[in-house]
Each structure stands twice: as structure tokens, then as C-alpha cells.
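Thanks for coming. I will go through one chain today, element by element, and then turn to its packing.

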Amino acid sequence: MHTILIQKRILLAFLLGLLGLTLLVLGWQGAPGQMKRQDDGAPVSANNMPAARGTAAGTVPGPPRQVQDVSRDGAAFFVEYRLDRERTRGQQLELLREIISNPQAAAETRRTAQERLLAISQSMAREVEVENLIRAKGFKDAAVCLDDRGATVVVQAARISPEEATRIAELVSRGAGVPEQDVVIIPRP
């Protein structure tokens, strides 16, 4: 039992190191920065109009905005998304580690926390792997979030054809073990 716990910790440390290295490399490729926002906090879209919230069209007419480097804003979204995801996961992992190391916690609680820690670590590795596969298929970038209900994939593209959506869903299904019908794909310029 003790060696299994040590092996899990080594695996977790390796995966977190790999993820950190990936984020570091992405940051060095000129992707840092924050997306421009208008006064009400809504993101500004690629055509320099405020992005519509909750619409399929993606933009609504509005006052002209300063011209932006769209490719940088698109890249910044993905970097920010990954950083937010890692911050949230880091908090979850820290809480789980505290539960695991608490001698006053019930054995069943500690076991459940260990299982959840392992599941999060595996999800993190699968997310990075699937993101790399999507980029290998020719998309500029992608962010994948796996959970118990399925997968959400944000792809850096103005629009996605039905054939591309099918290819992405198949990739996610194979790479993450998620049924294709449970994959949600969101294009993001």
C-alpha cells in the first residue's frame, strides 16, 4: 500500500511538472497578455465589436474599438484559460492532499480523496494530450476540460465545419474515453 501511494505521488509530481513546463513554453511563445475588455467587462471580439453573450452569432453591433492584434488576443485567451484551470486544480489538489495527510480523517475519506486525486491527475494528463492532438490536426490552439459529464473543447478557429467537429469529437473520444455525443465543441477566434 505504501509503495502504491509513493508511485501515485511520483506520477502526480511528474504530471504537474509536465503541465507547468507546457505552460511555461506556451508563455515564451509570445502568448502572454490579457484580452481587451469593454467598460461593462464583455470581451471584445475579433472584429473589434463587443462579443454577444449567449448568442451563436458571436457579435453584436457597437461603437468602434481600437484595432487589436487578434492572433495575440486568441492566444491570450487560451493561456489565461489554462492558468485559471491550473489554479483551480491546484486548490483542489491541495485540499485533497490535506485530507489524505490528516490522521484524524476517516480511512474511507482518505481513500476517496486519494482516488479523486488520482482521477484529477489523469484528467490533467488526458487534457494536455488531447489539446496536443487537436493542434496536430492543424488548429492553432485548443483548450480541453474533462469532467464527469463529458468534455468541453474550445478550439481557436473562426468557425468549424461539421466534418472538423466530427474529427475533433472522435479525437477527444479516443484520447479521453468520453463518448462522442458528450463532447461540446466551441469555436473561438
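**The hairpin and what packs around it**

L146 stands opposite A151, a residue of β2. Strands here are DSSP runs of E with at least two residues, and helices are runs of H or I with at least four, both numbered from the N terminus. Two strands count as paired if DSSP finds at least two bridges between them. β1 and β2 pair in the antiparallel sense, over 6 bridges, and they form a hairpin with 2 residues between them.

Before going on, the ground rules. This is a predicted model, in which local features need pLDDT of at least 70 and side-chain atom pairs count only at pLDDT 80 or more, while totals for chains, interfaces and linings use all residues. Residues are numbered from 1 along each chain as its sequence is written, and side-chain values use heavy atoms, with hydrogens and water left out.

Now the overall picture. The protein chain has 4 helices and 3 strands, and read along the sequence they follow the pattern α-α-α-β-β-α-β. The chain has 189 residues, of which 34% count as buried. Buried means under 20% relative accessible area, exposed means over 50%, and partly exposed is in between, with a 1.4 Å probe and protein chains only. The chain exposes about 11500 Å², and carbon and sulfur atoms supply 57% of that; the areas come from the Shrake-Rupley method with a 1.4 Å probe, and for residues only the protein chains shown count as cover. A contact means heavy atoms within 4.5 Å. Among contacts between residues at least 6 apart in sequence, 54% join residues at least 24 apart.

Next, the nonpolar cores. A nonpolar core is a set of buried Ala, Val, Leu, Ile, Met, Phe, Trp, Tyr and Cys residues joined through side-chain atoms within 4.5 Å. As general background, nonpolar side chains in soluble globular proteins tend to be buried together. The largest core here has 18 residues, and those with the most contacts inside it are I134, V153, V155, I168, V172 and V183. The elements giving two or more residues to this core are α3 (107-136), β1 (142-147), β2 (150-156) and α4 (162-176). The largest share, 5 residues, comes from α4. Apart from this core lies another, of 7 residues, including L93, L96, I100 and A113.

Which residues does V172 touch, not counting residues up to four places away in sequence? They are V130, I134, A151, V153, G177, V178 and V183.

Staying in α4, L171 lies in that helix and counts as buried, at 7% relative accessibility. Leaving aside neighbours within four places in sequence, L171 is in contact with L133, I134 and K137. With residues up to four places away in sequence not counted, S173 touches V178, P179 and E180. S173 and V183 are 10 residues apart along the chain, and their C-alpha atoms are separated by 7.7 Å.

Back to β1, where V144 lies. Is V144 buried or exposed? V144 counts as buried, at 0% relative accessibility. V144 touches Y81, R85, E127, V130, E131, I134, T152 and V153, again not counting residues up to four places away in sequence. From V144 to R126, 18 residues apart in sequence, the C-alpha to C-alpha distance is 8.9 Å.

One arginine to note is R89, in helix α2 (residues 70-101). R89 counts as buried, at 9% relative accessibility. Outside the four places either way in sequence, R89 touches I120, M124, E127 and L146, and L146 is the residue I began with, opposite A151.

Last, the aromatics. Rings of Phe, Tyr and Trp (its six-membered ring) pair if their centres lie within 6.5 Å; planes under 30 degrees apart count as stacked, over 60 as edge-to-face and the rest as tilted. By this rule there are 2 aromatic pairs. The rings of F77 and F78 have centres 5.1 Å apart and planes at 85 degrees, so this pair is edge-to-face. F77 is partly exposed, with a relative accessible area of 21%, whereas F78 is buried, at 0%. Ring pairs link F77, F78 and Y81 into a cluster. Y81 is also among the residues that V144 touches.

R188 lies over the face of F77, at 4.3 Å from the ring centre. A charge sits over a ring if NZ of Lys or CZ of Arg is within 6 Å of the ring centre and within 35 degrees of the ring normal.
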